[in-house]
Amino acid sequence: MDTQEYIESGILEQYALGELSEAERQTVEERAATHADIARELDQVQQALGVYAQAHAETPPAAMRERVLAGWQAAIRADAQNAPRSIVPPTTATPDGPVVRQLTPMEPETANNASGPAFRWMLAASVALLLASGLANFVLYTRWRDAASDLAIARTEQSRVASVMQASERTLAVRQQELDVLRSDDFRTVALAGTAAAPSASARVLYNPKTKAVYLDVRNLPAPPTGKQYQLWALDNGKPVDAGVLAAATTAGDSLQQMKDIASAQAFAMTVEPAGGSVNPTLSTLTVVGNI
Amino acid sequence: MSVNHPESLLPVPEELLVQRLRAREEAAMTVFYDKYSAALYGVILRIVKKEEIAEDVLQESLVKIWHSFTSYDASKGRLFTWVVNICRNLAIDKIRSRQYRVGSRTQPLEDSAALRQAAPTGFQPEHIGVQEITAKLNPEQKQVIDLLYFGGYTQSEVADELNLPLGTVKTRARAAIKVLAKLIR
């Protein structure tokens with residue numbers, strides 16, 4: 001079939017009027033692409049029908065503009081939500097279905113109501129807002145809970161640090177006091193040497209004759225047997241005077257211990273006594289002794 | 001029309017509108033509506049004959065145009081040709097559904113009161129009216145082209161409807177289109 005025959009066959013009119021199948025349309029398009037005459041004729045047929053269509057133009061009622069555009073927008077948004085991950089290109093996924101769903105279930109008064117599609121759009125927007133706000137609330141609540149628990153942890157930590165600090169300050173005050181004792185010229189140092197029972201035992205007494213204050217500084221003492229404690233005695237004119245029992249920390253040599261005030265003494269000695277101390281020293285347990 | 005917006009008086013170039021629609025710019029659809037709604041609504045109304053149905057079809061058409069815009073190929077024809085065919089197809093689908101089949105076949109198109117008012121179109125200042133076309137086409141040509149374009153008939157269906165040989169229908173259709181082609185300005 002030559003070009004002229006093809007044009008006169010009427011197939012271009014059928015094409016323009018939409019009578020052809022997809023396969024037939026493609027054949028026409030292929031021919032038009034390779035034959036300028038056919039392309040020109042086809043264009044003319046289409047434009048002629050366009051003239052015919054435009055001659056019948058009919059301005060829609062003014063109120064329709066908003067309704068149709070709102071309906072269109074609601075439909076494309078609904079479609080976008082219905083098929084957000086569609087692999088099918090929009091070309092083939094023509095929205096006949098969604099649109100029909102959109103329009104047919106409407107009651108006549110709803111369909112004629114300008115606010116119908118807009119209302120549904122607003123409703124959808126409200127629901128979306130509500131969901132978003134719920135999500136935001138949940139997120140904020142979770143964060144608030146986390147913050148509250150962080151705060152509790154921080155407070156615990158802070159009070160722990162504070163008590164450590166207090167303990168440190170107490171220790172520091174004690175050390176300061178000990179240092180004052182050791183540096184003071186008013187204190188006399190009395191070295192207590194180990195007896196035959198405990199040759200390696202060694203301790204010092206710091207005695208202030210003016211204030212009568214007595215401090216004990218243990219260098220080395222064997223651990224006392226269970227239920228026993230070391231007790232310091234002042235010997236005043238050969239008579240033993242109780243100067244107090246040693247705390248465990250003192251026995252271990254960790255720190256100085258202030259003992260009972262002693263009015264007068266020429267020597268100091270330590271014995272092992274039952275816990276809490278004795279009224280009179282058990283001389284068989286004499287561990288250290290030293291003269292002033 | 002407002003003096004503050006002189007640009008709205010100028011016709012929107014088709015290429016620009018195509019670009020914006022291709023870019024999925026929703027605001028472009030409003031421009032599209034203002035430019036083409038009269039021509040498209042006129043065609044749809046001629047086919048479905050009821051204003052509320054025509055409105056539905058126009059809205060469906062906008063959705064379809066939006067979704068399938070990637071398949072519009074400017075090299076195959078003008079935007080109007082493409083969109084008017086989408087509208088025609090949807091409108092014809094509508095009248096082919098059951099409730100339209102009954103009783104509307106031979107009803108003259110001019111019976112609808114809504115069709116009497118003449119309307120300007122938004123995109124062709126040198127508008128050709130129905131009167132001018134009716135004056136140029138002879139009644140036989142007009143009858144055939146009306147059934148083909150607004151009736152949703154195929155050429156064979158027109159032949160059946162009018163009790164004419166298919167060849168005669170083809171000849172009249174081609175003649176009518178030739179007359180119309182001479183009106184292209």
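**Entry 1: the lining of the largest cavity.** I looked up which residues line the largest cavity in this predicted model. I recorded α4(B) as the element that gives the most, with 4 residues.

**Entry 2: class and volume.** I then sorted the lining by class and found 5 nonpolar residues, 4 polar residues and no charged residues. For the space in the largest cavity, I noted about 60 Å³. I also checked how many cavities of 30 Å³ or more the structure holds, and the count is 1.

**Entry 3: helix α8 of chain B.** I turned to α8 (residues 155–162) of chain B and asked which of its residues are buried. They are B:Gln155, B:Val158 and B:Ala159. Because these residues cover an arc of only 100° around the axis, I placed them on the same side of α8(B). The general rule is that an α-helix has 3.6 residues a turn, so residues three or four places apart point the same way.

**Entry 4: packing and the end of α8(B).** I looked up what the buried residues of α8(B) pack against. The partners are α2 (11–17) of chain A, and α7 (139–149) and α9 (166–182) of chain B. Lastly, I noted that B:Asn163 follows α8(B) and has a positive phi, near 55°.

Key:
Residues numbered from 1 in each chain as written. Chains lettered and ligands numbered in written order. Predicted model: local features only at pLDDT ≥ 70, side-chain atom pairs only at ≥ 80, totals over all residues. Heavy atoms only, no water. 1 Å grid on protein atoms, 1.4 Å probe; cavity = no way out; pocket = protein on both sides within 12 Å on 5 of 7 lines; lining within 4 Å. Points joined across faces, edges and corners; volume = space filled by probe spheres on them. Helix = DSSP H or I, 4+ residues; strand = E, 2+ residues; numbered from the N terminus. Nonpolar A, V, L, I, M, F, W, Y, C, P; charged D, E, K, R; others polar. Buried < 20%, exposed > 50% of the residue type's maximum accessible area, 1.4 Å probe, protein only. Arc of directions from axis to C-beta. Contact = heavy atoms within 4.5 Å.
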